[in-house]
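Please look over the sequence and the fold below before reading on. The paragraphs after it walk through the structure.

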Amino acid sequence: MASPLPTVLADLGRRINGAFAQLSRVPVIDDKALDALLKEVASALLESDVNVKLVANLRSKVKAKVKAAIESGADKGKDINRKNIIQKAIFDELVLLVDPGVEPYKPKKNHPNVIMAVGLQGNGKTTTCTKLAVYYQKRGLKSCIVCADTFRAGAFDQTRQSATKAKIPYFGSYTETDPVSIAAQGVMKFKKEKFEVIIVDTSGRHKQESELFQEMIQISEAVKPDMTVLVLDASIGQAAEAQAKAFKESADFGAIIVTKMDGHAKGGGAISAVAATKTPIIFLGVGEHLYDLDKFSPEPFISKLLGMGDIQGFMDHMQSITMANPEKQKEMQKKLGEGKLSIRDWKEQISNVMSMGPLSKIASMIPGLPQAMVEGSDEETSSRMKRMMIICDSMTETELDSDGSPFIVYDTKEKNKPVDVNMKALLRVARGSGCHVREVEEVLCQYRMMSNMAKTVGGKNGFMQNLQKMQQATAGMGRGLGPGGMPTPAQIAQIQRSMPPGMLQQMRQSGGGMQDIMKAMMGGASDQEMAEMRQMMQQMAGGMGGGMGSMLQNMMGGMGGGRGLGR
């Protein structure tokens, strides 16, 4: 899944954003202002170890683009338009800096896709193979690993340990010394067992020895890989270009994974240098954990670098969670569509959120969400969610499958009238989970808010039905979003056309307040239900920034002033 940018790249993003902010404060946009901006951007890129020739080329191209746009009258004589032209030119050139313009191989479902990993020893190849298998496994492709590294002592042990931890099938041998034989046997075995992604881990060397390249060629001829991936260490910076070219001449690889992006100042240099070889980077290794492998796409990468979010990455991540257990997700969608949600269902949703990884990773993909809001909160949030899971685990099967009613005492005459809490049940759950009764009550309160939301959004003319119509209109939107991660005017118009009859009219009359928009989408929820939803959303987000608000404002475009969003 997509992670927050490594510290060094985050610093680069802040430097470039700071330069944009200075440009916004300049009263007149002239050549002097443009030169000052480009000087700051170039300085930031050079400090990230980007090749000086590439930086000089970027400066000259941006100046040429801006000059051509202004001469053609695209700015209409206004400074604000000129600023937008400059920002877009820099954004486009930064994308080209890391984009070789080549599409990598994409594994196919119901087909044995053989991927061979090559690289020097110490680049993190074996760890990356397991991460890659986990990545494809989570996306519904049956994955496995073949360890054909017979040169390094302990290579097979490392594969066995990491693959076992990740629950990924593996193949290797303690006795066979011929890596070509092991690779051929492993691939044949897993093909017979109908595996869809077969990752072959090959031997590495300390230097680019002729033996290594000869071995790679022999294994390649034996297993006939659909894609050969070069694993490169980010710490070598611009030297990545020479290493990539040396491997390219011997093993015609089709993609690159850059590892150790989380701890080195030369990451920017490695990415831009590899792009210069016209070979696509497909992943970035950003940590030691199994999910610390980020899919690399040039435009979303630059968008996130500049603090504009990564909607495409967010959509891909949500889709991977759905594909991990499609049957369970379908069942959950059906329950939400009917407006039913048990404590067990709610617990499963918490588990899904936890499987997404740290909160900061998700936050970095959402445009307009203030990053400061989630800084340092990952551990606390994870601890709180685990606590909620422990409390739910202490409940009986009947309580888990209920709507929380076993924890309430009802009137003997009016069965639907609650009169008190079931203190006996609360105490039992509290003792079983080792927490205070108050914590159990808080968990049940949070469940109740989510349950009420499910009732509101489900059923006929509920939010789910309206949302499905809007989702159909926005299908495939992830790839065509603008630089800021927001829909284009054409996409906004498409969303407007997909809205339920009368919804736009309601929104116009209300002036576009967030509460009224949500109320219209939910088919007329009560004020109490809206208050509960507002409270829950505040607990979940704590105040979302301009990204989503901007999108809704664009959707409302030209409908009259009124109160504005969220007021």
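What follows goes from the whole chain to its sheet, then to salt bridges and a surface patch.

This is a predicted model, in which local features need pLDDT of at least 70 and side-chain atom pairs count only at pLDDT 80 or more, while totals for chains, interfaces and linings use all residues. Residues are numbered from 1 along each chain as its sequence is written, and side-chain values use heavy atoms, with hydrogens and water left out.

The protein chain has 25 helices and ten strands; these are DSSP runs numbered from the N terminus, with helices (H or I) of at least four residues and strands (E) of at least two. Of its 567 residues, 47% count as buried, where buried means under 20% relative accessible area, exposed means over 50%, and partly exposed lies in between (1.4 Å probe, protein chains only). The chain exposes about 28,000 Å², with 53% of that supplied by carbon and sulfur atoms; accessible areas come from the Shrake-Rupley method with a 1.4 Å probe, and for residues only the protein chains shown count as cover.

Eight strands form an open sheet in the order 3-2-4-1-5-6-7-8, with mixed pairing. Strand 3 (170-171) and strand 8 (293-295) are at the edges with a single partner strand each, so one side of each has no neighbour in the sheet. Two strands count as paired if DSSP finds at least two bridges between them. Strand 2 (residues 143-148) and strand 4 (residues 197-202) run parallel and are joined by six bridges, with Cys147 opposite Asp201 in strand 4. Helix 7 (residues 179-192) packs on the sheet, touching strand 1 (113-118), strand 2, strand 3 and strand 4, and its direction makes about 165 degrees with that of strand 2. Contact here means heavy atoms within 4.5 Å. Axes are lines fitted to C-alpha atoms, for helices over the stretch in contact, and angles run from 0 to 180 degrees between N-to-C directions.

How many of the residues of strand 5 are buried? Seven of the seven are, so strand 5 is largely enclosed by the rest of the structure. Met227, Val229, Val231 and Asp233 point one way from the strand, and Thr228, Leu230 and Leu232 point the other way. Strand 5 pairs in the parallel sense with strand 1 over four bridges, where Val229 is the bridge partner of Ala117. Strand 5 also pairs in the parallel sense with strand 6 over five bridges, and there Val231 stands opposite Ile257. Helix 9 (residues 240-250) lies across strand 1, strand 5 and strand 6, at about 150 degrees to strand 5.

The whole structure has 18 salt bridges, each a side-chain nitrogen of Lys or Arg within 4 Å of a carboxyl oxygen of Asp or Glu. One of them joins Glu40 and Arg15 at 2.8 Å, N to O. Glu40 lies in helix 2 (residues 31-47) and Arg15 in helix 1 (residues 7-25), so the pair ties together parts 25 residues apart in sequence. Another joins Asp35 and Lys63, with the closest N and O atoms 2.9 Å apart; Asp35 is in helix 2 and Lys63 in helix 3 (residues 52-71).

On the surface, Val421, Met423 and Leu427 form a nonpolar patch with about 210 Å² of accessible area together. Patches are made of residues with over 30% relative accessible area and no salt bridge, with like charges joined within 9 Å and nonpolar side chains (Val, Leu, Ile, Met, Phe, Trp, Tyr) within 5 Å. Leu427 lies in helix 18 (residues 423-433) and is partly exposed, at 31% relative accessibility.
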